[in-house]
Amino acid sequence: MDLRLAGKVALVTGASKGIGAGLARALAAEGCHLHLAARNGPAMTSLAEELRSGFGVDVHVHEADLGSSAAMVELDAAAGDYDILFNNAGDIPAGSIEDVSDEDIKTGFDLKVFGYITLSRAFWMRRKGRDGVIVNVIGNSGENWDAAYFAGSTGNAALMSFTKALGGRSLNEGIRVVGVNPGPVATDRMIKIMKRKAIDMLGDEARWQELNDKYPGKRPATVEEVADLCLFLASERAGYITGTIVTIDGGIAARGSVI
């Protein structure tokens with residue numbers, strides 16, 4: 001299926017690894033030009049070289065700590081007039097209410113919750129009245145509440161509401177706003193979260209791989225599965241989808257279980 005993304009320009013945050021890097025590879029394969037943003041400049045530079053040589057697309061690297069509204073505004077200005085925004089940067093800490101401090105929560109929310117909102121606003125002001133798409137990569141903990149990840153559940157639920165609220169009226173301005181809720185995905189961040197959960201559930205972070213047995217199909221999603229969904233939602237093929245959250249977690253949230 002031709003997603004008609006060739007020649008489009010996309011900004012991907014959290015692009016140095018995991019889902020962000022997977023998005024960059026999938027977009028480049030479709031002929032989409034890229035702006036990549038994250039703290040790890042060397043990793044993005046290496047990825048950019050791979051994508052330029054492999055797919056012949058333009059790739060710009062923005063090395064920055066995105067954990068402030070000012071940084072997000074600066075990133076939007078540096079990227080210029082792009083067509084698609086993939087909000088993906090985030091690192092809300094795992095742990096119980098006894099373990100996670102207010103300061104840790106604020107740091108996580110500044111990057112993910114307020115970061116998504118600030119960058120979306122900047123994109124909105126630039127693109128309203130023309131075609132544009134915002135894809136918020138959120139997380140199924142926003143609909144599958146977990147006391148061992150209460151900060152993530154809270155932040156993700158807020159971003160789900162933000163996506164639905166903005167996306168419910170956004171097509172009036174020619175912009176679509178959609179969300180994707182991955183469950184467990186085979187990334188470094190997932191391993192960090194699972195080690196925290198292994199402490200709570202099994203008493204030993206080294207046993208985190210045992211928790212795979214609790215997943216549907218006894219595995220997490222792949223980065224490629226999440227990226228493919230995001231690209232479809234960003235494409236013209238999904239031109240009448242907005243204000244919607246699509247969950248990709250093997251059915252975990254639907255059955256109401258917490259891993």
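Predicted model: local features only at pLDDT ≥ 70, side-chain atom pairs only at ≥ 80, totals over all residues.
1. The largest nonpolar core comprises 55 residues, and the members with the most contacts inside it are Leu23, Leu27, Leu34, Leu36 and Phe86. Helix 8, which spans residues 223-234, supplies the largest share of this core, namely 8 residues. Apart from this core lies another, of 17 residues, which includes Ala37, Leu66, Ala89 and Leu119.

2. Leu34 deserves a separate entry, being one of the residues with the most contacts inside the largest core. When its neighbours within four places in sequence are left aside, Leu34 is in contact with Ala10, Ala24, Leu27 and Ala28, and also with Leu51, Asp58, Val59 and His60. Among these partners, Leu27 is itself listed with the residues that have the most contacts inside the core.

3. Turning to the backbone, Arg4 has a phi near 60 degrees, which is a positive value in a residue other than glycine. Arg4 sits in the segment before strand 1, the strand formed by residues 9-13.

4. Lys218 belongs to the loop between helix 7, residues 188-202, and helix 8. The relative accessible area of Lys218 is 55%, and this residue is therefore classed as exposed, the cut-off being over 50%.

Terms used
Residues numbered from 1 in each chain as written. Heavy atoms only, no water. Core = buried A, V, L, I, M, F, W, Y, C linked by side-chain atoms within 4.5 Å. Buried < 20%, exposed > 50% of the residue type's maximum accessible area, 1.4 Å probe, protein only. Helix = DSSP H or I, 4+ residues; strand = E, 2+ residues; numbered from the N terminus. Contact = heavy atoms within 4.5 Å.
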